[in-house]
Amino acid sequence: MLLLGTLLHAKQISRSPFELAIAMIVPIVQATLAVYLFRSGAEQHRLLEAAVGAGVMGVWSSVLFGSGGAIQNQRWQGTLEMIMLAPRRPVLVILPITVATGVTGAYSLLATLAWGRLLYGIRLDFVHPAAFVVAAVVCVLALGMFGLLLASTFVLLRNANALANTLEYPIWLVSGMLVPITVLPAWTAPIAAVLPTTWGARALREATTGGPVWPSVGICLAISLVCLILGGFALTYVERRARATATLALA
Amino acid sequence: MGSEYAIEADQLRRTYRGRSGWLRPRRTEVEAVRGISFTVPRGELFGLLGPNGAGKTTTIKMLNTLLIPTSGTARVGGHDVVGQTREVRRRIGYVFGGDRGLYERLSGLDNLRYFAELYGVPPRAQKRRIAELLELVSLTGRERERVEGYSRGMRQRLHIARGLLHSPEVLFLDEPSIGVDPVAARELRRTVADLAANGTTVLLTTHYMAEADELCDRIAVIADGRIQALGTPAELRRRADGRRVVEVEAYGVPETAVSALRDLPGVRETAIEERGALQLLTVQSDAHVDVQGEILRELAGVRLGRVNSREPTLEDAYVAIVNAA
Ligand SMILES: Nc1ncnc2c1ncn2[C@@H]1O[C@H](COP(=O)(O)OP(=O)(O)O)[C@@H](O)[C@H]1O
Ligand SMILES: [Mg+2]
């Protein structure tokens with residue numbers, strides 16, 4: 001059920017003309033960004049690393065906006081009531097949607113790499129190609145679970161959109177998607193350590209340039225599972241509240 | 001099987017609280033449902049009939065677990081709608097009128113597959129069940145097209161197929177024929193009647209008298225959040241016994257004339273319905289008083305069409321009940 005739900009939601013999301021336009025353009029921009037930021041270094045590996053980092057940023061953006069607004073979106077489509085009527089825990093109903101935003105975001109990772117290869121001739125020589133694939137899948141799943149926590153907490157906030165906007169860049173930075181965490185001020189380290197994005201990005205980087213991939217993958221998964229559990233509780237509360245305040249449908 | 005009743009509602013109330021105004025928020029309260037009680041035996045086709053804003057949708061949503069009642073209790077299949085939501089949800093289907101609530105960019109088939117999975121239709125049974133339902137709602141052959149290209153009637157039929165996926169014991173239909181063309185509406189009524197004939201309990205809301213009359217075993221007329229009358233269509237029709245109805249086709253009846261008619265001795269109800277340029281004026285009066293002459297005198301100077309006098313119908317009874325609320 002989770003698998004079919006994810007696939008169909010990914011289909012629904014990726015067929016939106018708006019998403020499509022973004023999905024075409026953003027990866028090119030990201031590949032370009034990656035190349036120009038690191039041209040000075042000009043080592044092939046730094047370029048690939050940057051392209052991967054940029055791709056992960058794309059996954060994060062997709063999850064942040066997609067999952068943060070997931071419940072609101074379903075409400076606008078009038079499908080929220082229909083899915084909440086399922087005799088299932090709310091978490092099982094919403095998780096496929098947030099994972100789907102991760103899956104559509106993963107496309108941006110692939111596209112960034114592809115454009116990097118096509119336009120700038122970045123060689124895709126990963127140190128651990130198999131580990132890279134696994135880490136990418138885990139990263140998408142993890143962000144999906146993190147997205148669930150976002151989805152359930154954002155509906156409780158009035159200004160969720162503004163919050164989503166302010167979260168986009170800081171998390172790119174803090175999780176070390178763009179620049180290594182080591183160059184960031186020390187106070188960001190604890191924040192980085194609890195974000196699944198940090199560990200996901202790190203696992204991908206390690207798979208790209210060499211390093212112990214699996215510990216990062218493990219930590220990333222563990223943190224996401226915690227997010228999943230917290231998100232699950234939050235959602236149960238949200239559902240009950242929505243039934244009391246009549247906010248499942250558009251008023 | 002628990003209770004002998006499919007649906008039991010006891011003193012249901014629902015108040016919507018909200019805020020309006022941004023700068024100086026004011027609290028608003030709407031008492032949408034004010035104490036509704038009724039029971040529906042298994043297999044009955046029960047109608048909630050009432051004008052817009054009467055509280056029909058609110059009542060349905062309290063029964064199908066989407067809203068928590070402000071007070072009062074309800075059971076579906078013997079299970080409490082607040083405490084035992086999963087038990088209730090397993091047994092019910094919900095279909096509402098209009099064309100929202102579907103995944104537009106997915107095909108009809110994908111929509112059904114998704115909801116079959118979600119509503120717990122066993123994987124082995126899904127394919128057959130979906131094919132059956134596509135056949136039932138005459139969407140076979142169109143199921144691979146995206147819903148965004150569907151007509152209103154097709155979407156409505158897809159809604160119904162979705163509501164039936166898990167073969168619910170109790171089906172809630174909220175104004176299913178809204179915005180559907182007459183031929184499709186007739187087909188819809190046949191489908192609903194067939195379902196009820198096969199043992200599904202149906203709770204139907206509508207504001208079309210004729211629809212309720214044709215389909216329902218019993219009807220609750222609801223207005224202003226309360227049940228104003230409850231009975232079989234024949235029993236409700238008797239509410240208008242002892243009355244006579246005069247219908248006048250007219251062009252440009254002034255508001256003052258209508259209120260003057262209402263004050264005539266023996267007149268019980270007046271209603272005016274716009275039919276393009278034409279207005280249809282309906283006056284119900286006590287049968288033993290002949291008001292036709294008086295009516296025509298009041299309408300002196302207004303261009304008139306046909307005038308006739310007839311026995312009251314169920315629709316007249318309905319108008320009388322709602323106006324009395
Ligand atoms: N979510 C809501 N918030 C505030 N008021 C509502 C809401 N939903 C319905 N109402 C009000 O409650 C009343 C009953 O509405 P409803 O149950 O939809 O009636 P019906 O389905 O019979 O047309 C109406 O006055 C409507 O404006
Ligand atoms: Mg309604």
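Is A:Ile25 buried or exposed? Because its relative accessibility is 51%, A:Ile25 counts as exposed, where exposed stands for over 50% relative accessible area, buried for under 20% and partly exposed for what lies in between, with a 1.4 Å probe and protein chains only. The model is a predicted one, in which local features need pLDDT of at least 70 and side-chain atom pairs count only at pLDDT 80 or more, while totals for chains, interfaces and linings use all residues. Residues are numbered from 1 along each chain as its sequence is written, chains are lettered from A and ligands numbered from 1 in the order in which they are written, and side-chain values use heavy atoms, with hydrogens and water left out.

A:Ile25 lies in helix H2 of chain A; helices (H or I, at least four residues) and strands (E, at least two) are DSSP runs, numbered from the N terminus. Helix H2, residues 17-37 of chain A, gives the patch its largest share, three residues.

Elsewhere in chain A, A:Glu49 is found in helix H3, residues 44-68, and counts as buried because its relative accessible area is 16%. Leaving aside neighbours within four places in sequence, A:Glu49 is in contact with A:Arg205, A:Thr208 and A:Thr209, contact meaning heavy atoms within 4.5 Å.

Turning to chain B, 53% of its 325 residues count as buried, and the chain has 11 helices and 14 strands. Its C-alpha atoms fill a box of roughly 70 × 50 × 45 Å, taken along the principal axes. Among contacts in chain B with a separation of 6 or more, 72% come from residues 24 or more positions apart. Helix H1 of chain B, residues 56-63, is mostly covered, with seven of its eight residues buried, including B:Ile60, B:Met62 and B:Leu63. After H1(B) comes B:Thr65, whose phi is positive, near 75°.
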